[in-house]
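Have the structure open while you read.

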Amino acid sequence: MELWEVSLVLLAVLAVLLVCGVWIAVTLLAVGLVAMFAFTNSPPGALMATTVWGSSASWSLTALPLFIWMGEILFRTRISEDMFRGLAPWVEPLPGRLMHTNVIGCGIFAAISGSSAATAATIGRITIPELKGRGYDETMAIGSLAGAGTLGLLIPPSIIMIVYGVAADVSIARLFVAGVLPGILLMTLFSGYIALWALMNPDRTPNREKVTTLAEKIYAARFLIPTVLLIGAVIGSIYSGVATPTEAAVLGVVGSLLLSVVGGSLTWSNFGASVMGALKTSCMIAFILTGAAFLTVAMGFTGIPRAMAAWIAEQGFRPWQLIAVLTVLFMILGCFIDGISMVVLTASVILPSVKAAGIDLMWFGIFIVLVVEMAQITPPVGFNLFVLQGLTGKDMFYVARAALPFFFIMTLAVAIIWIFPEIVYYLPGKMFNLR
Amino acid sequence: MRTALNAIYKGSGLLAGFFLVGIAVLSLVQIGSRLLDFAAHSYDEFAGYCMAASSFLGLAWTLRCNEHIRMTLAIGGLRGWRRRAMEIVCLTAASVITGYFAWASVAMVWTSYKLNDVSQGLVPIKLWIPQSGMALGLAILLLAFVDDLLAALTGGTTSYSLAETAKKAADSPAFER
């Protein structure tokens, strides 16, 4: 059988199982098994068990449940209310006024949470009713929240970066640091768009409620202090090379537990709920990683990724052509499958080609996170849409339409980091050497 | 029977939660060892074992809370017997794959035990001990899949559909994805 026929068969198995609704992790394992049984002579059983054991009992993976746990703890505190009160006086003078609390609030929360749905849910819980009550334009409020919520993936810590780092064997600490500037870039673009929109539609933004003095602004900012300290501890310790991502995550867990003790929201039942909540998400992701680890090895046996890489190198594609094609491919895929599955599938099949085209894997990590962010707000499958649907009671396509301008802004951001890759490389280059 | 099965799922879930907290404690000990200058041998290896134990022992509980993701685009639109038939297809596929995986893991644990494999760190650990967490977790997941398959075959409701309905009723947002 020709290699392309094998590829088609495997792709068909993958598509059929996914569409039928078989769990994604099980689907990945099944495709790997079909590849091994049908197209190689190696017995898959022992290989499956040892590969999976090797990838699961992994120290670098331990950052994953800890960052998820940290998010679960903070979700149960009053952090979003505090953030809104602290930010509001600062953004009121800007065109677009309190709408910016969505962007900046999500940006700040993204720096202590690793997930975009959690970011959108936590910030939106407070900003959506507040903005609505003050008469802000609803479509814009929902759209900016949907867009800015995806920052949870790009600004470290980030669950999806851990998944990519583990699957592609790229330093998680460096990926985290590399995400900071692109995250700030995206926040600037989002806020810039909101300001521009407000200037063009002056009648759709409410007037300023009250003019605050600088002293009042600074006094209001006291609500932000604990959060900023937590961000400093987590990102600062990684950037300075003092802590590995796992150690930074455990600092984050302890810090958020302290915050909830001080805020009075920590009870035994809350603590237990946060552990079990984190466990379920962590197990869900670990199971997919299990499938991906086996699929990667099985694909290696079939020789498909190697042949694909050789073909791409032979065609002499320019790297930007490859990136453009992949962007479109991921946009389409992103409408149907979730980000984690997209990342692990990429890692098991496409990475050799990316390497062959001479694209740096750290830069590619940031690129794929950006594209996964876009996938979060494309219907019919987009987790941020699900969250906002629950939060606002609007239907998914309304939310997706509201978020469309922000989707285009993210596309623009992909182009910008392609033209100016220093945005990605600058901070990791300045990083202190890890122990 | 029902009570016993539920206790197994819940019990292994709680054990998995215990190992998750274990990762945090081990990492704290590591930070402490560096600050206070005492030796914490092989903590990274132990944390890795906790990670594996936590990931696999929690699988069945995660399934029963409907947290394992799947594409629901097609299956979500089906009603009545079509939906049930589709669920039976999915659950059969999942049971077969998980069954094979669980069997392969048990075989691996058995081999490690026979060959008396030990870990390479400063503190030697017999490898079959941490590995059996993986085998046990997968066996319990297999049990959970077969359990739901039987429910679907006999016309009952699967545990994850029940969990989904309960979640919708409680209106808690999907978290951390």
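A salt bridge here is a side-chain nitrogen of Lys or Arg within 4 Å of a carboxyl oxygen of Asp or Glu. By that rule, the interface of chain A and chain B has 1 salt bridge. B:Arg34 pairs with A:Glu247, and the closest N and O atoms sit 2.6 Å apart.

## Ground rules

This is a predicted model: local features need pLDDT of at least 70, side-chain atom pairs count only at pLDDT 80 or more, and totals for chains, interfaces and linings use all residues. Residues are numbered from 1 along each chain as its sequence is written, chains are lettered from A and ligands numbered from 1 in the order in which they are written, and side-chain values use heavy atoms, with hydrogens and water left out.

## How the chains meet

Chain A brings 69 residues to the contact and chain B brings 60, where contact means heavy atoms within 4.5 Å. About 5,600 Å² is buried between them, with carbon and sulfur atoms giving 79%. Buried area is the accessible area (1.4 Å probe) that two parts lose on being put together, summed over both. A:Trp23, A:Trp53 and A:Lys280 supply 16% of the area that chain A buries against chain B, more than any other three residues.

## Chain B

Chain B has 6 helices and 0 strands, these being DSSP runs (helices H or I, at least four residues; strands E, at least two), numbered from the N terminus. Its C-alpha atoms fill a box of roughly 65 × 40 × 30 Å, taken along the principal axes.

## A helix pair in chain A

Which angle do α18 (residues 319-334) and α21 (residues 361-376) of chain A pack at? About 35°, with their axes 9 Å apart. Axes are lines fitted to C-alpha atoms, for helices over the stretch in contact, and angles run from 0 to 180 degrees between N-to-C directions.

Among the residues making this contact are A:Phe330 of α18(A) and A:Phe367 of α21(A).
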